[in-house]
Amino acid sequence: MNKNALSNSATMPGTAAPFMLPTLPYAENALEPILSANTLSFHYGKHHKTYVDNLNKLIAGTEYSNQSLEQIISGTAGKAEAVAIFNNAAQTWNHSFYWKSLLPNGGGEPPAALKQMIETSFGTVEACKKEFASTAVSQFGSGWAWLVLDGSQLKLLKTANAGLPLTMGVKPLLAIDVWEHAYYLDYQNRRADYVNAVLDKLINWEFALQNASV
Ligand code: MN3
């Protein structure tokens, strides 16, 4: 377990339960027309909130009730008897990270320091985006696509369901949610259109650089 990977993203304070739904870093309509206010209303206000509420219920009175979110995730990963706690803790973390991976009027050219890292690892920014998209599209069923830092190398990986890079010893830089609830209201079955629109118009390269720099 890479402890830095757990604490670097500054997405969640290291406080214990009860966990709070973090404030969305922009208005629910701020990502239009790429992601509608309707999608964010359900995705943030219902799905994300439910993961937080369920986590608080599941850990009440358990050994996890005074642990940080990151401690709960690392302590329950791979434990069959704690799978519900892991799923809700990881989804709480994943969504907080996803909202910060998006930015109104995002996309475009990465900052120079990140662009250099991308070119070292992928050749070009376009090649990185293409691999990011194919990683996201090829995740079978619900899950996530991630840009991560593995040592000094940038890599793309996908996780199923609530899976996340924190348990894999690599540092997450960006996440794209590919559960159907992330895009179905706006794109129906066209996951590739959603992913490419996010990469072109919303992706928060500055957030990736911040995460890589910690
Ligand atoms: Mn989601």
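## The manganese site

Along the chain, the donors of the manganese ion are spaced H-x51-H-x81-D-x3-H; donors here are N, O and S atoms within 2.8 Å of the metal (3.2 Å for Na, K and Ca), and water is not among the atoms, so sites may look incomplete. The ion is held by His 43 (NE2), His 95 (NE2), Asp 177 (OD) and His 181 (NE2), at 1.9 to 2.2 Å. His 43 sits in helix α2 (residues 37-59) and Asp 177 in strand β3 (residues 171-177), so this pair ties together parts 134 residues apart in sequence. Helices (H or I, at least four residues) and strands (E, at least two) are DSSP runs, numbered from the N terminus.

Both His 43 and Asp 177 are buried, as in under 20% relative accessible area, with exposed over 50% and partly exposed in between (1.4 Å probe, protein chains only).

## About the model

This is a predicted model, where local features need pLDDT of at least 70, side-chain atom pairs count only at pLDDT 80 or more, and totals for chains, interfaces and linings use all residues. Residues are numbered from 1 along each chain as its sequence is written, and side-chain values use heavy atoms, leaving out hydrogens and water.

## Helix α4

Helix α4 (residues 83-101) is mostly covered, with 15 of its 19 residues buried. At 1.5 Å a residue, those 19 residues should span 27 Å, and the end C-alpha atoms are 26 Å apart, which agrees. The expected span is 1.5 Å times one less than the number of residues.
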